[in-house]
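Morning, everyone. Have a look at it first.

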Amino acid sequence: MKTNQYPGFHKLSVQERAAEAAEFSGLTEEELGCLTNPGALSLETANHVIENVIGTYQLPIGVAMNFLINSKEYIIPMVVEEASVVAAASNAAKMAREAGGFTTSYTGNIMIAQVQCIGVANPFFARQTILHHKQEILDIANAKDPVLVKITGGAKDLEVRILDSQIGPMVVTHLLVDTGDAMGANAVNTMAEAVAPTIEQLTGGTVKLRILSNLADHRLARATAKFTKEAVGGEDVVDGVVAAYAFAAADPYRASTSNKGIMNGIDPVIVATGNDWRGIEAGVHSYCARSGRYTSLTRWEKDANGDLTGSVELPTPVGLVGGATKIHPAAQACVKLLGVTTAAELAQVIAAVGLAQNFAALRALATDGIQKGHMKLHARNLATVAGATEGQLDEVVAKMISAQNISVEYAKEILSSL
Ligand code: MEV
């Protein structure tokens, strides 16, 4: 496979798809085996990852096709249990492609470590005092990680905030650290702990928490895409998507679900690449509430030509080195399959996939509703649960849909009549 545009890809067998994907990304037999072999993560390795290990847990890996991001083609590994997600992402990417695909940018690999200082009598004075000693504090932080300093410069800046709280004012220092291609939790937490005594000395207060923030708003990935009115099915559909977005922008109840649809695209890539999906979830949702009111992560607008334009900006605490990415053989194979070589590139791919997934959901909701597509896949799942073999699936699903009875019981009934 030379291009990620492959009509009928979904009709290939699992083995054929895997072989095509491996060819596209240059995976070796062994690397491909890490994806196709359910035992790729050995019990021995798993036992080093977390505590009290009793086994490993499998989920499907699908690949989203058609993505063109900054003129580069990607096939995107997605680890997810929900039907329709991979197909919807591929479909959205195909529609975006008609107007050139996705354009992305990135603010840099800067993570924040917070140092909470309480019991400061004169917080405003203390804030300036900390800032007077900025270089000294950065030097202490950087002394903890000479390797990182060599690669990225390490801790680069400070911010000091004064918070009103239930227990009085707090002076909160943010260390801004360039963690390079690592997510960087360990590096920034170590630095935060190292600077704590100096901050206590400078402020006369007591340092309590020293921990990274998942609201990584100095590590933002951005993506935009245009969807022509012809590609999406007409100007009515463009208006429908804009109205769907307006609902999410105005209402936290809707924003929650719309943003869940975005995370349907993002989390599967995060999991596939061995990253921390709780971290990105926390970052995204707190970013959506930064104005004080929870709202939509994406924005959808109609342009002067009547086409649909979408944009997204999100914190991306993700990395390619350290963590599970380097331990899990399937995560390593997924990174190679995806073809990203830096955390920056991964972050931008994630932003594009989130935007695509949101578009697919809003378009479906604004037109047919999502149940039509979902029900077919749901019926397939239930027919499988009922015991349908590969050869029986299509017939059982067709009968369930025509009878509008999508249940395991009915699937069993059909199976016994075959
Ligand atoms: C379902 O997993 C995701 C959607 O609910 C997202 C949305 O409503 O925008 C379809």
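Start with a definition: buried means under 20% relative accessible area, exposed means over 50%, and partly exposed is in between, with a 1.4 Å probe and protein chains only. This is a predicted model, so local features need pLDDT of at least 70, side-chain atom pairs count only at pLDDT 80 or more, and totals for chains, interfaces and linings use all residues. Residues are numbered from 1 along each chain as its sequence is written, and side-chain values use heavy atoms, with hydrogens and water left out.

Salt bridges next. The rule is a side-chain nitrogen of Lys or Arg within 4 Å of a carboxyl oxygen of Asp or Glu. That gives 15 salt bridges.

Take Arg380 and Asp394. Their closest N and O atoms are 3.0 Å apart. Arg380 sits in helix α16 (residues 371-385), Asp394 in helix α17 (residues 390-402), and 14 residues separate them. Helices here are DSSP runs of H or I, at least four residues, numbered from the N terminus. Arg380 has 28% relative accessibility, so it counts as partly exposed. Asp394, at 53%, counts as exposed.

Stay in helix α17. Glu395 and Lys399 form a salt bridge, 3.3 Å from N to O. Why about one helical turn between them? Because Glu395 and Lys399 are four residues apart in that helix. Glu395 is partly exposed at 41%, and Lys399 is partly exposed at 35%. Elsewhere, salt bridges with shared partners join Glu235, Asp239 and Lys302 into one network.

Now a pair further along the list. Lys336 bridges to Glu31, with 2.9 Å between the closest N and O atoms. Lys336 belongs to helix α14 (residues 329-338), Glu31 to helix α2 (residues 29-36), and they are 305 residues apart. Both are partly exposed: Lys336 at 30%, Glu31 at 23%.

On to the inside. A nonpolar core is a set of buried Ala, Val, Leu, Ile, Met, Phe, Trp, Tyr and Cys residues joined through side-chain atoms within 4.5 Å. Which residues have the most contacts inside the largest core? Phe67, Ile76 and Phe102, in a core of 64 residues. Helix α15 (residues 343-366) gives the largest share, 13 residues. Another core, of 29 residues, lies apart from it and includes Val115 and Met191.

Last, Phe67 itself. Contact means heavy atoms within 4.5 Å. Beyond its neighbours within four places in sequence, Phe67 touches residues including Ile76, Phe102, Ala352, Val353 and Ala356.

Definitions and conventions. Helices (H or I, at least four residues) and strands (E, at least two) are DSSP runs, numbered from the N terminus.
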